[in-house]
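Take a look at the sequence and structure first.

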Amino acid sequence: MKQIMLNFILAFLIIGSSFAQDTLKAKKSDKPVNFPWDSDLLIDNQTTLSQPAKTLDFIIQHRFGLVNQNGISDLFGIYAPGANIRLGLNYTPVKNLTIGYGLTKKNMYNDFQAKWLVIEQTRSNRIPVAVALFIDFAIDGRSDNAFGTTYTFSNRFSYFSQLIVSRKFSDWLSLEITASFTHFNMVATGRNHDNIGVGINGQIKFSPQSSIIFQYDAPLKIQGISEQTSFTETNAAKPNFGFGYQVETSGHSIQIYFTTANGILPQDIYLNNFNDWKKGDFMLGFTITRLWNF
Amino acid sequence: MKLKMNKISVNKLIGLFVLILFIGALTAFMIPQTQKKGAKWVIPEKYKKMTNPYKGNKRDLKLGKMLYSKYCKSCHGSKGLGDGSKALQLKTLPGNFSTAEFQAYTDGELYYMTAVGRDEMKGYSKKIPDEENIWAIISYLRTLKK
């Protein structure tokens with residue numbers, strides 16, 4: 001697995017440097033590249049785009065039910081019970097740092113998040129990639145009896161941290177790879193508390209405002225950090241695959257997509273997603289963001 | 001007697017409904033007519049003299065088109081004719097970028113209008129903090145001339 005990951009990163013950098021030649025010829029300035037992504041969110045993932053300082057971002061994320069469960073009887077999941085929704089507020093107090101809070105219907109997760117854009121890709125290609133760190137801390141908001149007989153408040157906590165490396169290859173193509181660590185303080189019997197995951201996300205722009213987006217998040221099965229004797233269908237989370245359409249205006253970003261996991265929060269997706277996209281477990285979802293600049 | 005009363009009330013209600021519809025329809029035609037042409041722009045001297053340092057840069061022109069599409073099109077229209085989808089909601093006419101009158105503004109004046117703005121045409125310097133990007137929009141505005 002390590003070998004695959006290394007090859008993957010190597011290929012990414014090689015392709016990157018070949019595309020980069022064009023950028024180099026076009027402009028010998030060392031400013032950060034313009035609009036590496038259209039939005040700071042990409043379905044379930046974060047991108048290396050940071051809004052200008054003093055921007056407030058209101059986010060609505062919605063997942064309907066599974067398309068393949070009841071067919072036409074619940075209009076392919078649109079009218080299915082168990083839809084998930086997250087309402088969030090993000091604020092960028094200073095350049096390249098965003099903090100946020102959100103409330104998700106599933107498990108009533110209250111989550112606090114921060115994203116720091118550490119390095120920006122430059123136009124001269126002196127810095128060929130952008131690097132961001134993302135952390136999310138969530139508090140499960142269900143009633144006490146959901147946590148068994150030995151309840152303590154910290155049982156509700158879960159943590160997610162992620163390293164994001166991205167590159168805008170051309171005006172129409174941006175890709176990013178991610179590596180993450182997830183930890184839940186309390187999990188169901190027979191399940192793992194920790195997970196390491198990797199992912200790849202992309203944006204293919206085909207008009208000034210529209211693009212096709214995709215994501216693939218894979219929780220890795222690493223025996224060294226597992227508390228279970230083996231990974232099975234019931235304790236190993238499944239990859240999250242999604243693809244969709246994104247349109248961007250001055251104040252809004254709208255994404256409509258099919259995705260596999262319904263957790264919305266990344267820690268839930270990496271540890272608790274048992275939907276299998278290979279079996280057609282997809283759900284319709286959308287994200288709407290509204291930006292205000294102060 | 002009671003039936004008659006009811007009939008009168010129903011007729012009155014229908015009459016009122018038709019009246020509201022009629023007024024509504026009239027208002028729909030009235031709103032665009034009440035849009036007024038914007039007053040003359042008061043632009044500080046230092047902006048008037050500014051020139052576009054990125055003039056003729058093809059890459060910036062492409063960027064300008066993207067930015068125009070994202071930030072300006074909804075009011076000013078895809079060809080700058082002032083016929084964007086939100087144009088009719090404005091109190092002031094968004095102007096026509098293809099006219100000689102508009103194109104006569106200097107680059108610096110257009111920079112001021114775009115970055116600093118006034119009233120309904122809010123300045124975009126907060127949403128577009130990089131000066132070069134504002135200039136890219138202005139380069140694109142020049143291509144809308146007819």
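## H6 against H7 in chain B

H6(B) and H7(B) pack with their axes 10 Å apart, at an angle of about 120°. Axes here are lines fitted to C-alpha atoms, for helices over the stretch in contact, and angles run from 0 to 180 degrees between N-to-C directions. That makes the pair oblique, since under 35 degrees counts as roughly parallel, over 145 as roughly antiparallel, 65 to 115 as roughly perpendicular and the rest as oblique. On the H6(B) side, B:Asp107, B:Leu110, B:Tyr111, B:Thr114 and B:Ala115 meet B:Ile134, B:Ile137, B:Ile138 and B:Leu141 of H7(B); contact means C-beta atoms, placed from the backbone, within 7 Å. The residues of this contact split into seven nonpolar, one polar and one charged (Ala, Val, Leu, Ile, Met, Phe, Trp, Tyr, Cys and Pro count as nonpolar, Asp, Glu, Lys and Arg as charged, and the others, Gly among them, as polar).

## Ground rules

This is a predicted model: local features need pLDDT of at least 70, side-chain atom pairs count only at pLDDT 80 or more, and totals for chains, interfaces and linings use all residues. Residues are numbered from 1 along each chain as its sequence is written, while chains are lettered from A and ligands numbered from 1 in the order in which they are written. Helices (H or I, at least four residues) and strands (E, at least two) are DSSP runs, numbered from the N terminus.

## H7 and its other partner

H7(B) covers residues 131-142, and its twelve residues reach 17 Å from first C-alpha to last, close to the 16 Å expected (1.5 Å times one less than the number of residues). Nine of the twelve are buried, so H7(B) is largely enclosed by the rest of the structure; buried means 20 or more other C-beta atoms within 10 Å, exposed 12 or fewer, and partly exposed in between, with C-beta atoms placed from the backbone. Among the buried ones are B:Trp135 and B:Tyr140.

What about H3(B)? Its axis comes within 7 Å of that of H7(B), crossing at roughly 90°, so H3(B) is roughly perpendicular to H7(B). By class, their contact has eight nonpolar, three polar and two charged residues.

## Over in chain A

Eleven residues of chain A are in contact with 13 of chain B. The chain A side divides into three nonpolar, five polar and three charged residues.

A:Gly82 lies in the loop between strands E3 (55-66) and E4 (84-94) of chain A. With 14 other C-beta atoms within 10 Å, A:Gly82 is partly exposed.

Definitions and conventions
Contact = placed C-beta atoms within 7 Å.
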